[in-house]
Amino acid sequence: MDPALIRERELFKKKALTTPTIEKKKKETVKDPRDEIKKKPKPSTVSSTPKLNVVNYKSMSGSSQYKFGVLAKIVKHMKTRHQEGDDHPLSLDEILDETNQLDVSPKVKFWLQSEALLQNPKIEVTHDTKFLFKAMYKIKDKKSLLRLLKQHDLKGYGGIYLEDIQESLPHCEKHLKSLQNEIIIINRPDKKKVIFYNDKTAQVLFDEIWLNLWRSSAVDAMDDQKIEENLEKQGIKSMQHHGVKKLLPMKRKKPNMKRKQLKKPRDNEHLADVLQNYDEAK
């Protein structure tokens, strides 16, 4: 090898060792957020979180459905105990204990105590903030039921629905059975039953002949005019002229104006021979 080239090579090495080297940093590339979105894996169609169960939703203490469910259970229990004859009032804690609802939250309990039970039409509140079932009629035994039916009959109110009596009267079926001779039960077309007082003083006995004639005469599809024509064919006069006559208003006579005229004063003709004329005497 040429010694001159060797000498230049050694000089280059010495010079390279003495001169500092500067490394070039790589340029920082600005990342596009859209690229990160593209790189992220798409979520699967099946969610990993558990779905909301219907049973869990109903048992949630904060839901309105749960609150009204608690209220409905309380009203139903108060009605049942009233029909069984338990008429003593209960506090809210006692009601929740009897209905197995002691696990309600304080929020729901406050709502029941301050709003729901106070405004419910089927719940009555006592002076010491206890609760009773509020029935439609205040009747406790068969005597009070019979008295109520008599008052309705006398005032012309008619009967009372059987379902209202069953709601109001404890041991209703037993009392109705003992009063079967004192009441009348009518079935309505809508399958509702109505109870009336059996007023025996208004009963009239008819001969069986008249009852059979009454049952055999069908006048459902006939008006009053046709009924009257049929009666006349049978030689029976209708009673249209035997009804209560309407009293016409009395006409007032006009006052006679001639009578009101003032009569003229008359001379005393019967004293003509007694009167004297004093002008002639002079």
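The lining of the second largest pocket divides into six nonpolar residues, two polar ones and no charged ones, where Ala, Val, Leu, Ile, Met, Phe, Trp, Tyr, Cys and Pro count as nonpolar, Asp, Glu, Lys and Arg as charged, and the others, Gly among them, as polar. Please keep in mind that this is a predicted model, in which local features need pLDDT of at least 70 and side-chain atom pairs count only at pLDDT 80 or more, while totals for chains, interfaces and linings use all residues. Residues are numbered from 1 along each chain as its sequence is written, and side-chain values use heavy atoms, with hydrogens and water left out.

That lining consists of W214, S217, A218, V219, M222, I227, N230 and L231, and helix α11, residues 224-233, gives the most to it, with three residues. By a pocket I mean, on a 1 Å grid over the protein atoms alone, an open set of points where a 1.4 Å probe fits, with protein on both sides within 12 Å along at least five of seven lines, and lining residues have an atom within 4 Å of a point. The space in this second pocket is about 300 Å³.

Turning to the largest pocket, its volume is about 400 Å³, and among its 17 lining residues H82, D87, F133, K138 and K140 lie nearest its centre. Here the lining has seven nonpolar, three polar and seven charged residues, and the largest share, three residues, comes from α4.

Next comes helix α7, residues 142-154, which has 13 residues and reaches 18 Å from its first C-alpha to its last, close to the 18 Å expected at 1.5 Å a residue. Which residues of α7 are buried? They are S144, L145, L146, L148, L149 and H152, buried meaning under 20% relative accessible area with a 1.4 Å probe and protein chains only. What covers these buried residues includes β3, α8, α9, β4 and β5, and just after α7, G156 takes a positive phi of about 80 degrees.

Finally, three strands form an open sheet in the order β3-β5-β4, with antiparallel pairing. Because β3 and β4 stand at the edges, each with a single partner strand, one side of each is left without a neighbour in the sheet. Strands β4 and β5 pair over five bridges, two strands being paired if DSSP finds at least two bridges between them, and I186 has V194 in β5 as its bridge partner.

Conventions: Points joined across faces, edges and corners; volume = space filled by probe spheres on them. Helix = DSSP H or I, 4+ residues; strand = E, 2+ residues; numbered from the N terminus. Expected span 1.5 Å × (residues − 1). Buried < 20%, exposed > 50% of the residue type's maximum accessible area, 1.4 Å probe, protein only. Contact = heavy atoms within 4.5 Å.
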